[in-house]
2 protein chains.
Amino acid sequence: MSSASAKKAAIGLDFGTESVRALVVDLEGHELGEATDAYDHGQILDVLPGTGEKLTPDFALQHPTDWIDSAVKAVQGAVKAAGIDGEQVVGIGVDFTSCTMLPALADGTPLCLDDRFAGEKFAWPKLWKHHGAKTQTDRINEVARERGESFLSRYGGVIGLEWFFPKMLETLEEAEHIYDATDVWLEAGDWFVWQLVGGDAKELPRSTCQAGYKGMWSAEDGFPSSDYLAALHPKLENVVEEKMPGRLCPPGSCVGGLKPELAERMGLPAETPISAAIIDAHAGVPGVGAAEAGVLVMVMGTSSCHMLNSHENKTVPGVAGIVKDGILPGFYGYETGQAAVGDAFDWVRRLTGQDDFHTLTREAVELPPGSEGVWCIDWFNGCRTPLMDGRLTGQFTGLTMNHGPAHLYRAAMEASAFGVRWIVDMLKENGVPVTRYVASGGLPHHNPLLVQIYADVLGEAIEVPASKQGPALGSAILGALAAGPKAGFASAEEAVKSMTSASGETKLVEPISEKSKAYEPLYQQYRKEADRLSQQT
Amino acid sequence: MSSASAKKAAIGLDFGTESVRALVVDLEGHELGEATDAYDHGQILDVLPGTGEKLTPDFALQHPTDWIDSAVKAVQGAVKAAGIDGEQVVGIGVDFTSCTMLPALADGTPLCLDDRFAGEKFAWPKLWKHHGAKTQTDRINEVARERGESFLSRYGGVIGLEWFFPKMLETLEEAEHIYDATDVWLEAGDWFVWQLVGGDAKELPRSTCQAGYKGMWSAEDGFPSSDYLAALHPKLENVVEEKMPGRLCPPGSCVGGLKPELAERMGLPAETPISAAIIDAHAGVPGVGAAEAGVLVMVMGTSSCHMLNSHENKTVPGVAGIVKDGILPGFYGYETGQAAVGDAFDWVRRLTGQDDFHTLTREAVELPPGSEGVWCIDWFNGCRTPLMDGRLTGQFTGLTMNHGPAHLYRAAMEASAFGVRWIVDMLKENGVPVTRYVASGGLPHHNPLLVQIYADVLGEAIEVPASKQGPALGSAILGALAAGPKAGFASAEEAVKSMTSASGETKLVEPISEKSKAYEPLYQQYRKEADRLSQQT
C-alpha cells in the first residue's frame with residue numbers, strides 16, 4: 001500500500017462455463033485478491049430446471065440469475081480477500097464466454113424468467129457449446145456462399161455452429177412463438193453489462209468484440225444485410241432493427257456507471273465506470289501482456305481460443321474471425337480455436353472411471369510420443385479451427401488390450417497439440433507470422449505435461465505467465481481503461497504494460513528435440529487421418 | 001441312480017485361459033458334478049515368475065505345473081460334488097486352448113522347470129494368445145506362397161500368428177540355445193495327456209485336431225515338407241523327425257491308461273482310459289449335440305471359435321482351418337474364429353474403470369442399434385477370421401463428450417456381432433451352407449444382451465443350450481468313446497446323442513426384425529471401415 005493514500009484498483013470479472021472469477025488488481029498490476037463462485041445451476045445439459053424435461057445431447061443452457069448472484073458473491077469475496085475498501089475501485093471490466101446468448105424482453109428480463117415461458121427450453125440462454133443449430137448453420141453458410149456475401153472472407157469462409165445468428169434462427173424455426181415474444185436478442189456478456197449500468201434497450205451497450213467475432217458484424221459493414229437475412233427467413237429481414245437494439249462499444253470504453261442497487265450488493269461505489277464486455281479468450285491477450293504483433297496467445301480451458309494480433313490482413317481458411325481492433329487497437333485480431341481441450345481430457349477421465357488426474361498423469365508422463373500406438377482425433381465437440389464443423393466426431397484408433405486409460409489420455413493430449421500445430425501452420429502458410437507462443441488460462445498451470453507436449457509438437461518454446469488470471473487480469477485492465485482519468489493511463493498499451501508488470505516470472509517450456517523429431521511423422525499422419533475423417537462425414 | 005448298480009460316468013477336463021473345469025457326466029448325459037480351479041499363475045503377461053523380468057506386451061505365457069495341480073483339484077472337486085465313487089469313472093477326455101505350446105526334454109520335463117532354463121522367458125509355455133512371432137509368421141506365409149505350398153488352401157491362404165510353427169520359429173530365432181536344448185516341441189494339450197498316460201516320447205499321443213488346425217498337418221500330407229521347413233531356417237529341415245516325436249491320434253481314441261501316481265492324486269482308478277486331446281472350441285461341437293452338417297457352433301469365451309461340420313470341401317478365404325474328420329468323423333470340419341470376445345469386453349470394462357458389468361449392461365441395453373453414433377472395430381487382439389492378421393488393431397470412432405462407458409461397451413458387442421456376420425457371409429458366398437446357429441461356452445449365459453445383438457445382426461434365431469458345459473461335456477463324450485466297450489457306445493453319433501439328451505431345454509433367441517433392419521446398413525458400413533483399416537496397416 002502506498003503510504004500517501006489508499007491505492008486505486010480495478011476489478012476484472014471473468015465469466016467461465018462453470019463459474020465466475022473476480023480479480024482485484026491495483027494499477028501497477030499487483031493482484032490484491034480474487035474469489036471464484038460456481039454457478040448454482042452450472043451447465044444445464046440434462047434436464048430443464050423446473051419442468052424436468054429431458055434435453056437432447058446437443059442442448060447446453062445456463063441460468064441468467066446465476067450470473068448476477070455469482071458475480072455479486074465473487075466481487076464481495078475478492079474485495080474482502082484484497083483487504084481494500086470498495087471505494088478504492090475505479091473501474092470494472094467484464095469478459096464472458098461467447099457466443100452465449102439469450103432472448104429478453106424490452107426491460108431486460110430474460111424470457112426464461114417470465115412465468116409464461118419458463119417451462120420452454122428455447123426461452124433459456126444458450127451456452128456457447130449449445131449445438132442445436134446444425135441445419136440452420138448449414139443454410140446460413142449455403143445462402144451466404146450463393147449470394148457471395150463478403151463477410152464470409154473474415155471468418156475463413158465458414159460461419160460457426162456456435163455463433164449468434166445460427167442460435168437465433170434455430171429458435172425462430174423450432175419455437176417461433178418464443179422468437180415472436182422476444183424484444184431483444186443479445187450476448188450474455190452484453191446482457192450482464194446492461195444489468196450493471198441499466199438504461200433503455202435502445203442504448204444497451206453491445207461489445208464490438210462479440211459482435212465482430214460471433215455476430216458477423218464489422219465496423220465497415222455492420223451486421224449482415226436485410227436482403228441476406230430475409231433470404232434465410234422472411235421474419236429475419238428486419239431483425240437487426242427490430243430485435244437487436246443497442247449501441248456498439250469497443251472493449252475498454254466506458255458504457256456507464258454501476259447502478260446503485262448492484263453497487264450496494266457488491267459493496268462498491270455507485271456509478272463505478274463499467275467497460276463494454278469482451279470475449280473471455282480475447283481478454284487473455286492484454287491479460288498476459290501481449291501488446292505486439294505475432295504473439296499467439298493460447299487461452300486454454302474447457303475449450304481453447306488462440307488469439308493473435310497482426311499487422312497483416314490476410315484471408316486464412318478456417319480462421320474463426322478476423323476483426324480490426326477486435327482485441328487491441330491498431331491490429332487485426334485473429335481468433336482461432338479448439339472446441340474441446342480441458343473438457344475433452346475431463347471426458348476421457350470420466351470415461352475411464354478415474355476420480356482425478358493423478359494416476360492418468362503419472363502413467364501418461366512415462367509413455368513415449370505416439371502413446372504406444374494409440375491414435376486420437378480429438379473432435380469430441382466438433383472441430384473449430386480450421387474445419388469449423390461442429391458435427392465432426394472424435395476417434396481412438398490403434399487400440400489393443402495392452403492399452404489402458406493413460407494411453408487414451410496421452411493420445412488425447414497429443415491430438416490437441418497436433419490441432420494447435422495445424423492452426424499455426426495454416427496461419428504461417430497464409431502469410432500471418434507467428435513468432436512467440438504464450439499459454440494462458442488455468443489449464444497450463446494444472447497440466448504441465450500438456451504444455452510440454454505442445455512445445456514438443458510445435459518445436460517451439462512456450463511461455464507460461466506466472467499469473468493464472470490472464471482473462472480476469474485483461475478484464476481488469478479494460479476496467480481501468482473505462483475509468484479514464486480516474487486511472488490515468490494515456491493509452492491501452494500503457495495500461496497493459498503497467499498492469500502486467502507485476503505478474504511474476506514467466507516460465508519458459510522448451511521443446512525436447514528428440515521428442516520433436518519423433519512427433520514430426522506422427523503429425524503428418526494426424527493431418528492425413530484428419531483429412532480422411534472430415535471428408536467421410 | 002440306477003438301482004441295479006452304480007452308474008458309469010465319464011470326466012471331461014476343459015482347460016481354459018484362466019482355469020480348468022472338470023465335469024462328471026453319466027452315460028445318459030446327466031451332469032453329476034463339476035468343479036473349476038483357477039491356475040495359480042493365471043496368464044503370465046507382465047513379469048516372468050522368479051526373475052521378475054518385465055515381459056513385452058506381445059508375450060503371454062503359462063506355468064505347466066498349474067495345469068497338473070489345477071486338474072487334480074478340479075477332478076477331486078467334481079467327483080466329490082457328483083457324489084460318486086472314483087471307480088465309476090470309465091474314461092477321461094481332455095480339451096485345451098490351442099495353440100498353447102511348449103519346449104520339453106525327452107522325459108517330458110518342460111524346459112522352464114529345468115533350473116538351467118527357468119530364468120529364460122523362451123523356455124516357458126506360450127499361451128495361445130502370445131503374439132511374439134510376427135516377423136516369423138510373415139516369412140512362413142511368404143515362403144509358403146512363393147513355393148505354392150498346398151497346405152495354404154486348407155487355411156484360407158494364411159498361416160496364423162498364434163499357430164505352432166510360428167511360435168517355434170520365434171524361439172529358434174530369438175533364443176537359439178533354447179531351441180537347441182529342446183527335445184520335444186508339443187501342444188500343451190498333448191503334453192498334459194502325455195503326463196496322464198506316461199510312456200516314451202516316441203509314442204507320445206499328438207492330437208490330429210490340434211495338429212490339423214494349428215500345426216499345418218493333414219492326414220494325407222502330414223506336416224510341411226523338410227524342403228519347405230529348410231527354406232524357413234536351415235535348422236528346421238528335420239525338426240519333425242528330430243524334435244516332434246509321437247503318434248497322431250484322433251480325439252475319442254484311447255491313447256493309454258491313467259498312470260497310478262496321478263490316479264491316486266485324482267482319486268480315480270489307475271489305467272482309466274484317456275482320450276487324445278481336442279482343441280477346447282472343437283470339443284464344443286459334440287458338447288452341444290451338433291452331429292449334423294450346417295450347424296455353426298459358436299463357442300464364445302475370452303475369444304470365440306466358430307465350428308461348422310459340412311459335406312462340402314470348399315476353399316474359403318480366411319477360414320482358420322478345414323480338417324477332414326477334424327471335429328467329428330465323416331465331415332469336413334471348418335474352424336473360424338474371433339481373437340477377442342469376452343476378453344475385449346472385459347478390457348472395455350477395465351478401461352472404463354468399472355468393477356463389474358452391472359452398470360454397463362443396464363445402460364447398454366437401453367441404447368439403440370448403432371450405439372448413438374459410436375463405432376467400433378474390435379481388433380483389440382488382431383483379426384482372426386477372415387483376415388488372419390494379429391497385427392491389426394481396434395478403434396472407436398464417432399465419439400463425442402455425450403458418450404459414456406456403456407456406448408463403448410455396446411459398440412464393442414455390435415462390432416463382435418458384425419464380425420460373426422462377416423464370417424457367415426464368407427462361408428455362404430463360398431458354397432458352405434449355414435442353416436442353424438448355436439451359441440455355446442460361458443459367455444452366452446453371462447451375457448444375454450450379446451446373444452440378442454448377434455441374433456439381430458445375423459437376422460437369425462440363435463439356440464443357447466441350457467448346459468454351460470459345451471466343451472467340458474464334449475470332452476466327457478470323447479472320454480466315454482475312449483472307454484470303448486466299458487461305455488458301450490456303437491458310434492460317435494450314438495455317444496453324442498445319448499450324452500447330450502439330458503442337457504435341458506435349449507433357449508431360442510429370436511431376432512427382433514426392426515433391429516435387424518437397422519443393423520443392415522450399419523453392417524455394410526462396418527465392412528467398408530474394416531476394409532479400409534486393414535488396407536491401411
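Trainee: What's the handedness of the α15(B) and α18(B) crossing?
Mentor: The crossing is right-handed (near helix turned clockwise from the far one by less than a right angle). Helices are DSSP runs of H or I, at least four residues, numbered from the N terminus. This is a predicted model, with local features needing pLDDT of at least 70, side-chain atom pairs 80 or more, totals using all residues, and side-chain values using heavy atoms, without hydrogens or water. Residues count from 1 along each chain, chains are lettered from A and ligands numbered from 1, as written.

Trainee: At what angle do α15(B) and α18(B) pack?
Mentor: About 70 degrees, with the axes 7 Å apart. α15(B) covers residues 448-458 and α18(B) residues 513-536. The two are therefore roughly perpendicular (65 to 115 degrees).

Trainee: Which residues make that contact?
Mentor: From α15(B), Ile453(B), Ala455(B), Asp456(B) and Val457(B). From α18(B), Lys515(B), Ser516(B) and Tyr519(B). Contact means heavy atoms within 4.5 Å.

Trainee: New topic. How many residues of chain A touch chain B?
Mentor: 30 residues of chain A are in contact with 30 of chain B.

Trainee: How much area do the chains bury between them?
Mentor: About 2300 Å² (accessible area lost, 1.4 Å probe, summed over both). Carbon and sulfur atoms carry 58% of it.

Trainee: Which three residues of chain A supply more than any other three?
Mentor: Leu351(A), Leu399(A) and Met401(A). They supply 31% of the area chain A buries against chain B.

Trainee: How many salt bridges across the interface of chain A and chain B?
Mentor: The rule finds zero (Lys or Arg side-chain nitrogen within 4 Å of an Asp or Glu carboxyl oxygen).

Technical notes. Buried area = accessible area lost by both parts, 1.4 Å probe. Axes fitted to C-alpha atoms, helices over the stretch in contact; angles between N-to-C directions. Parallel < 35°, antiparallel > 145°, perpendicular 65-115°, else oblique.
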